[in-house]
Amino acid sequence: MRIILLGPPGSGKGTQAQRLVQRYGIVQLSTGEMLRAAVAAGSPVGLRAKDIMASGGLVPDDVVVGVIADRIEQPDAKKGFILDGFPRTVPQAEALDDLLKHKHLKLDAVIELRVNESALLQRVETRVAEMRSRGEEVRVDDTPEVLTKRLAAYRSLTEPLIHYYSERRKLLTVDGMMTIEQVTREIGRILAAIEAADAKAAAKRASARPAASGTARKPARRGTKSSPVGRATAKKAAKAARKGAKRPAKGPRKPVRKPGRKAPKKGAKKLTKRRGKA
Ligand code: ADP
């Protein structure tokens with residue numbers, strides 16, 4: 001699985017990435033973490049990044065792309081990865097496309113965590129308070145002033161990626177205002193549907209392949225018939241993905257309907273209502 005998590009600071013990318021690491025056994029590649037490590041180590045990359053990060057700006061594309069290109073080469077990234085905080089600009093996304101193309105690798109999904117901006121400052125303040133109470137070092141850029149700059153950078157430079165990945169039929173949007181558990185479940189559903197669709201496509205390819213000898217067997221449809229996320233679900237997921245892709249870059253975007261569910265669950269309905277009231 002190769003996944004990108006997209007969302008503003010405080011949207012929950014890091015939290016969800018860690019859960020995906022547990023579940024899929026793939027690595028989390030957080031450019032923020034890598035750059036902080038470089039700053040701490042005083043490496044050439046760290047020296048270039050230090051002041052920019054502290055002020056809430058974006059580190060130059062060539063620096064981050066270099067960092068990611070090296071990291072993707074590592075053996076632990078072979079099975080797949082979750083990109084958290086990268087790409088953050090259109091040139092970075094283009095560089096990633098080139099990188100993956102060169103390696104004949106496919107990007108499975110871009111999951112956008114959509115949140116109300118008004119909730120972000122509170123979330124970051126809570127994170128800071130929790131870190132302090134655990135005696136951990138607080139990030140220098142986790143102040144209200146710098147957060148405002150980070151959000152501005154997100155809006156002008158990163159948000160265009162929503163359109164970029166929509167056009168490429170990769171974008172799936174999840175309501176990041178739900179609880180952590182609900183967001184995890186939603187992402188899990190999306191990824192299960194993508195896996196089922198992939199399994200179906202692979203089975204189709206296998207059955208289309210001409211038999212090498214007279215003893216060809218019909219391929220088993222693994223992951224489609226037996227899986228709870230069946231063929232119809234895979235189709236729905238593809239449809240949902242396309243639906244998401246058609247969304248305009250600006251204006252209100254509805255979260256993608258849970259793939260594999262005909263109607264929203266009662267709980268989900270209640271949640272929508274609650275959000276509506278709020
Ligand atoms: P957050 O998503 O909460 O803003 P991160 O830990 O992802 O925090 O990033 C912290 C800082 O690191 C950013 O504000 C930026 O300066 C730098 N950074 C991280 N990833 C990138 C990137 N892909 N391109 C440019 N700068 C980056």
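Of the 30 residues in the largest nonpolar core, which touch the most other members? They are L29, F81, L83, L96 and Y165. A nonpolar core here is a set of buried Ala, Val, Leu, Ile, Met, Phe, Trp, Tyr and Cys residues joined through side-chain atoms within 4.5 Å. Buried means under 20% relative accessible area and exposed means over 50%, with partly exposed in between (1.4 Å probe, protein chains only).

Keep in mind that this is a predicted model: local features need pLDDT of at least 70, side-chain atom pairs count only at pLDDT 80 or more, and totals for chains, interfaces and linings use all residues. Residues are numbered from 1 along each chain as its sequence is written, and side-chain values use heavy atoms, leaving out hydrogens and water.

Q92, A93, L96, L99 and L100 are buried in α5. They share one side of α5, because they cover an arc of only 120° around the axis, taken from the directions from the helix axis to the C-beta atoms. On the other side, D98, K101 and H102 are exposed.

Back to L83: setting aside neighbours within four places in sequence, L83 is in contact (heavy atoms within 4.5 Å) with I3, I4, L5, L29, I68 and L96.

Methods:
Helices (H or I, at least four residues) and strands (E, at least two) are DSSP runs, numbered from the N terminus.
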